[in-house]
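The following note is intended for a colleague who is meeting this structure for the first time. Please read the numbered points with the structure in view.

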Amino acid sequence: MTAPRQTGSPPQEDRPLAGAPHPDHPLHWKLYACEMVATTVLMLCGIVSVTVLTTPYTPIGRALAPHPLVQTALCGLFFGLSGTVAAFTPFGRVSGAHVSPSVSLAFSLAGRLGVIDLCGYIAAQMTGACLATALLAGLGHVLPVWGQMAQASAYAATIPFPHVSVLWPLVTELVLTVLLVLMICALAAHPTLKWLTPWAGGLFFLACNPISAWLSGNSSNLARSFGPALVAGQWQSFWIYALGPFMGAALAIAIIRSRLLGRIEVEEARLVNFGHHGRIPSLFHPGRHRPDHGQDTL
């Protein structure tokens, strides 16, 4: 049902991510839940991929061991494509599958995500990453072979290279996030290339991982690093995975606003639109629901 109209005053509309929420619905729990599930999918697929590609317990890991650059590139490709899988789940389609606090921060700084929803998204992403890693750790108690494999890969934890100043991994995370956010925003704003946006992460990390993953693990995502660190106990210089990506997201939006790269209109990451009172389309039939008073264009 649509909200009743009052004569002489415009209807109150809820803009779930950008703009003011309806006063009766300041929080959008369904969006946060969908983002949590999407992040869980990202981490499940990503950790399994890295484990299969890197541990000596698998034929693939043993075959790739003499070729570390190829191995690292494939880890980047498959972890990036895990984000693609998350984006195309019914849950990712609803939330937009940011699956990264730095991406959500970038949308917020660009005026496409309210502060309340930014906090909700980050909490959902951190929870999803921890849930996925804990599930895979629990699976190791049921399947000891998997437990050995996952522990050998440290659950795909990102660890700064210890033989250089910590400044270098920090700068790596900053630069990586700048490039990632610029790529996402530019593709999403391009009328003919926006279809590529959900797929671009795999190609991006395929190219970047052989160059810089040895320095920081190429995270650009606090949630992606936090879940494995929590289970594997890998906290060495962990602060760089918060500071570097957040600084990178802010710098990327500053570059976009400066028009140094031309005019880029930041588009929200959601693949669907929302109606009044924070309602969302059906998770499994998103096309069946339409906003009551036209679509939001964010």
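**Notes on the predicted model**

1. Cys 75 has a relative accessibility of 10%, and it therefore counts as buried, the cut-off being under 20%. The value comes from a predicted model.

2. Cys 130 is likewise classed as buried, because its relative accessibility of 19% falls under the 20% limit.

3. A disulfide is a covalent bond that joins the sulfur atoms of two cysteines. A search covering the whole structure returns zero disulfides.

4. As to the overall architecture, the protein contains eleven helices and zero strands. Read from the N terminus, the order of elements is α-α-α-α-α-α-α-α-α-α-α.

5. Of the 298 residues in the protein, 49% are buried. Among contacts with a separation of 6 or more, 75% are between residues 24 or more positions apart.

6. Helix 6 spans residues 115-142 and helix 7 spans residues 144-152; the two pack with their axes 5 Å apart, at an angle of about 135 degrees. This angle makes helix 6 oblique to helix 7. The crossing of helix 6 past helix 7 is left-handed.

7. Which residues of helix 6 and helix 7 meet? From helix 6 come Leu 136, Leu 139, Gly 140 and Val 142, and from helix 7 come Pro 144, Trp 146 and Gly 147. Sorted by class, the contact between helix 6 and helix 7 comprises five nonpolar residues, two polar residues and no charged residues.

How values were computed:
Residues numbered from 1 in each chain as written. Predicted model: local features only at pLDDT ≥ 70, side-chain atom pairs only at ≥ 80, totals over all residues. Heavy atoms only, no water. Axes fitted to C-alpha atoms, helices over the stretch in contact; angles between N-to-C directions. Helix = DSSP H or I, 4+ residues; strand = E, 2+ residues; numbered from the N terminus. Parallel < 35°, antiparallel > 145°, perpendicular 65-115°, else oblique. Left-handed = near helix turned anticlockwise from the far one by under 90°. Contact = heavy atoms within 4.5 Å. Nonpolar A, V, L, I, M, F, W, Y, C, P; charged D, E, K, R; others polar. Disulfide = S-S within 2.5 Å. Buried < 20%, exposed > 50% of the residue type's maximum accessible area, 1.4 Å probe, protein only.
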